[in-house]
Number of protein chains: 2
Amino acid sequence: MDQVEIFKALSNKTRLQILGWLKEPELNFPEQPNADFENVGVCVGQIQIKSGLSQSTISEYLSILQRADLISSTRLGQWTYYKRNKEGLKKLSEIINTEL
Amino acid sequence: MDQVEIFKALSNKTRLQILGWLKEPELNFPEQPNADFENVGVCVGQIQIKSGLSQSTISEYLSILQRADLISSTRLGQWTYYKRNKEGLKKLSEIINTEL
DNA sequence: TTGGCATATCGGGAAAAGTCGATATAAATT
DNA sequence: AATTTATATCGACTTTTCCCGATATGCCAA
């Protein structure tokens, strides 16, 4: 993954907020039946509601974050759940500490 | 400083390279008379040559990085020298580790 | 197998970023 | 004071990003 793409993914207020929300899902989203936050994450619809932006925009933002390895997704039935990708975030932190 | 602006500053190949070059100036730039790398940094002209982009573009890129607190400048005579801003970079690393 | 949700993808218009050459400013030199 | 050198700023053009509504796709339920 290109480093520039990682920083581009983070260059947007809403996308940064999404990552922040996903760090503490219990605090930021209502309970989800049949899908626990830790294992699968939060479904697109909840993130969209919280953001106030359109469905298509949030779907796109989530895939930008995913392409940058900052989040990962799981499909369960008709829902797609997204959660933080700890490895990707750790890698980013290392880039900053060792290359910049 | 807005977090988004920090990531925008890093969302460009050349600007990322500049930060990398400034991390090890002795390796990336020729000796400078009357200005040591550690204290004042590297002058704009050298960075411009290394980048291959136009003078105006590099001047602008340096001020974008400076506005994001990632580098700082010192004027000495007719030259402006830029160096990494360690505090800004540390703050960035903390943002990633605690907020994302 | 049709209808209804949840999500993804597409097409587009407006705003921002990338990059340049030309010009301005500021300092040093003659 | 005029010239040269280093850097900053301006105006313009092109490319990318933001964000939407419309449409497609995938999955489930009746």
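**Strands and helices, term by term**

Q: Which residue takes a positive phi in the hairpin of β2(B) and β3(B)?
A: B:Gly77 does, with a phi near 60 degrees. The hairpin has two residues between the strands. This is a predicted model: local features need pLDDT of at least 70, side-chain atom pairs count only at pLDDT 80 or more, and totals for chains, interfaces and linings use all residues. Residues are numbered from 1 along each chain as its sequence is written, while chains are lettered from A and ligands numbered from 1 in the order in which they are written.

Q: What makes β2 (residues 71-76) and β3 of chain B a pair?
A: Pairing needs at least two bridges found by DSSP. These strands have six, in the antiparallel sense, so they pair. B:Thr74 stands opposite B:Tyr81 in β3(B). A strand here is a DSSP run of E, at least two residues; a helix is a run of H or I, at least four; both are numbered from the N terminus.

Q: Why are α4(A) and α5(A) called roughly perpendicular?
A: The axes of α4 (residues 44-51) and α5 (residues 55-67) of chain A cross at roughly 115 degrees. Roughly perpendicular covers 65 to 115 degrees, so the term applies to α4(A) and α5(A).

Q: Which residues of α4(A) meet α5(A)?
A: A:Val44, A:Ile47, A:Gln48 and A:Ser51 do. Contact requires C-beta atoms, placed from the backbone, within 7 Å.

Key. Axes are lines fitted to C-alpha atoms, for helices over the stretch in contact, and angles run from 0 to 180 degrees between N-to-C directions. Angles under 35 degrees count as roughly parallel, over 145 as roughly antiparallel, 65 to 115 as roughly perpendicular and the rest as oblique. Two residues are in contact if their C-beta atoms, placed from the backbone, lie within 7 Å.
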